[in-house]
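Subject: A structure for you to look at

Hello,

Here is the structure I promised to pass on. Please open it alongside this message, and my notes on what turned up will follow below.

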Amino acid sequence: MDPSSHRNPETEWFQDSHALVSLPLAPSVRSKLQIAGFRSTRDFIRIAKNSASVLARESGLTLEEANDALKAARHGGEGAALKGARSAAEVLEDERRRPRTVTCCEALDDVLGGGIGSGEITEFCGCPGVGKTQMCTQVCVSASTPEAFGGTDGEAVYVDTEGSFMAERAMDVASALVEHLRRMEACESDSERRTEMKAALEGYTAEKILSGIHLFRCHEVTELLAVLETLGEFIAEHPRVRLVVIDSVAFHFRQDFQDMALRTTILSKMTNRLMSIATSRDVAVVTVNQVTVKPQQDGPARLVPALGESYAHACTTRVILSWENDERVAFVTKSPRLPQAKAKYTITAGGIRDVRRRRPRDE
Amino acid sequence: MRPPNATAASATCSIARTRCDAIDAALRGGVRTRQITEVCGESGTGKTHLCAQLALFAQLDLGGSTVYVHTEGRAPTDVMRRMTTTRRFVEAFGGDARARGALERVYAVKSLGDADGLRETLEGVSAVLRSPIDVRAPVRLIVVDSATAPFRDADGGGATYAARRAGTLHKMTMLLKEYASVHDLAVVVTNHVVDVVQAGECVGGLGRAFMGLDTSGRRAQPALGLMWANCVNTRLFLTRHDARGRGAVVACGGVRRRLHVVYAPHLREATVDFVLSDDGVRDAPARDDAAGVEPIPNL
């Protein structure tokens, strides 16, 4: 039979009756209902006639509790928790379709699964001078790569809490990227793709890349929170934004708080906010964290990311940047889809690049 | 409320040249505004000379005055006065009187002994920033020489002291960074060094920036630790290398002085030589014994 033909929307909710025990109710409320003889959501309409006051009188609940119980009975039957759910196959398809922002170091992009993903938070942590700000500058510039070159063709938001963002450095990196894409275009053999690339590079200059990086300078934690609060709105006004960088989260949070419990609360609020921006606007979020020295019971002290254990859950992917035998190494320590892996990278005049094996004649 | 925002294309900073060509080349022109530049090195490497020189020359490049906060001994007024009488400065400022006048636009501030005293002093500086003493010359450079001394309390020690110190350092940094970006001024801070006791036993992964550098025949690293290292944007390290045989140290010829760019968001690592004389920090003359130059200490 066709169930939709004779359904009354008013009574629709109880047609598939659910057992009382399956409803999300407080134990005290549930036991009162059970004592009063309610067994399923159907009983609610039969006995209480869908009225909160009758239900309250019958079961000895307060009016408020009765109202909540009725609400739970309505939604419990419909599977409200599953609303908007998608199958894993759909999610996978979506993930594959999304372009990723490259770091311009192929080895690092590989261990990141093709670059920085959108809809998630990627954290870079490391000691001063290892290249955190360079990495941020690089991805902000890379985010502008035209679609013809497999990029996201977007703008970026750079939230600078340390005053380390240098426009002149961004200019270096942007100029190098423009030059690189020009060379790619010149080397393309497929004439159709080449025309496409040529068109994409029309008017694509370092200045244009820089005008697509929106800077917010935050001097204290309140300003940082205020910026994050309005960021969703800002991105709505600038729909081309594909990437948000916070450089760094640690600077203010490490010292501004005397009360550690308060810090944890605000920090988790902030990460929730970032996560919701990442998912609802489908942008990539990159955060920067500092490292701190942790003494070990056995053996020498170790470098660990700052801001503690609970913050470690905040990011989707965590990349630790460090030094190994005079070379810079990125170590993916946490990722929902990739194995732990290492990649060497270097910082050149033009930004983040692969470590080139030295050719014999250079030596 | 809409937070202030700009695009990277419009975010520019000004540059104060040191007018020592080798150093300016390593710094891509000079010291940037909107940043904290740290100059560290053992005593006698030329930190104060470099600061004094910047305090004067910055007036020409940035068109303002300088606040010089000194925390140890006397302000280097003698050094500055001597500098302003030299040909180099007279020529740069365009006349005797103008060079002397530059001294009047360096406001020397003495800070009380401890860390809280320094913080209070820096908080007090905001009044001068908002309403400059000379309206034609707003403050464009703040020098803190040194940041280390107030934090080297002999009675300090232990974890609580370290935590409190980190907090005060952070507050000081925030204040300086806010001044730097709101008033578009340069901040130069000097720092002492500490000996690296167990080289090679340092925490893995920190890299060569924290291995320390050779100076006066031993290995040293900047004082105030990792927390402070996170606070500065640009770190410069001055080292000195005495010629073998103390007797050979004549004027400046016997000491090799070097400036190392340890890290900076806009600079590559670099090492350059310089000399110190009455007219300040300048390029090392082309050496006759160039063939016999010792290998550059690592970095």
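In which loop of chain A does A:Ser248 lie? You will find A:Ser248 between strand 4 (241-247) and helix 12 (250-255) of chain A.

Another backbone detail to look up is A:Leu307. Although A:Leu307 is not a glycine, its phi is positive, at about 75 degrees. Look for A:Leu307 in the loop between strand 7 (302-305) and helix 14 (308-311) of chain A.

**Chain A as a whole**

Chain A contains 14 helices and 11 strands. Its radius of gyration is 27 Å, whereas the globule rule gives 21 Å for 363 residues; the value for the chain is well over that, so chain A is more spread out than a compact globule. The C-alpha trace of chain A spans about 90 × 60 × 35 Å along its principal axes.

**A helix pair in chain A**

How do helix 8 and helix 9 of chain A run relative to each other? The axes of helix 8 (residues 167-187) and helix 9 (residues 191-201) of chain A come within 9 Å and cross at roughly 155 degrees. Angles over 145 degrees count as roughly antiparallel, which makes helix 8 of chain A roughly antiparallel to helix 9 of chain A. The crossing of these two helices is left-handed.

On the helix 8 side, the residues in contact are A:Leu181, A:Arg182, A:Met184, A:Glu185 and A:Ala186. They meet A:Arg194, A:Met197, A:Lys198 and A:Leu201 in helix 9 of chain A. By class, this contact has 5 nonpolar and 4 charged residues, with no polar ones.

**A helix pair in chain B**

In chain B, the axes of helix 2 (residues 47-62) and helix 3 (residues 77-85) come within 10 Å and cross at roughly 55 degrees. Helix 2 and helix 3 of chain B are therefore oblique to each other. Their crossing is right-handed.

Helix 2 of chain B brings B:His49, B:Ala52, B:Gln53, B:Ala55 and B:Leu56 to the contact, and helix 3 of chain B brings B:Val79, B:Met80, B:Met83 and B:Thr84. These residues divide into 6 nonpolar and 3 polar, with no charged ones.

**Where to take care**

The average pLDDT of chain A is 85, and 91% of its residues score at least 70. Over residues 1-5 of chain A, however, the pLDDT is below 50, and this stretch has 1 contact in the model beyond near neighbours in sequence.

For chain B the average pLDDT is 84, with 85% of the residues at 70 or above. Residues 245-252 of chain B stay under 50, and the model has 5 contacts for them beyond four places in sequence. The pLDDT is also below 50 over residues 289-299 of chain B, a stretch with 18 contacts beyond near neighbours in sequence. Where pLDDT is low, the predicted coordinates should not be read in detail.

Definitions and conventions:
Residues are numbered from 1 along each chain as its sequence is written. Chains are lettered from A and ligands numbered from 1 in the order in which they are written. This is a predicted model: local features need pLDDT of at least 70, side-chain atom pairs count only at pLDDT 80 or more; totals for chains, interfaces and linings use all residues. Side-chain values use heavy atoms; hydrogens and water are left out. pLDDT is the predictor's confidence in each residue, from 0 to 100. Contact means heavy atoms within 4.5 Å. Axes are lines fitted to C-alpha atoms, for helices over the stretch in contact, and angles run from 0 to 180 degrees between N-to-C directions. Helices (H or I, at least four residues) and strands (E, at least two) are DSSP runs, numbered from the N terminus. Angles under 35 degrees count as roughly parallel, over 145 as roughly antiparallel, 65 to 115 as roughly perpendicular and the rest as oblique. A crossing is left-handed if the near helix is turned anticlockwise from the far one by less than a right angle, and right-handed if clockwise. Ala, Val, Leu, Ile, Met, Phe, Trp, Tyr, Cys and Pro count as nonpolar, Asp, Glu, Lys and Arg as charged, and the others, Gly among them, as polar. The radius of gyration is taken over C-alpha atoms; the globule rule is 2.2 Å times the number of residues to the power 0.38.
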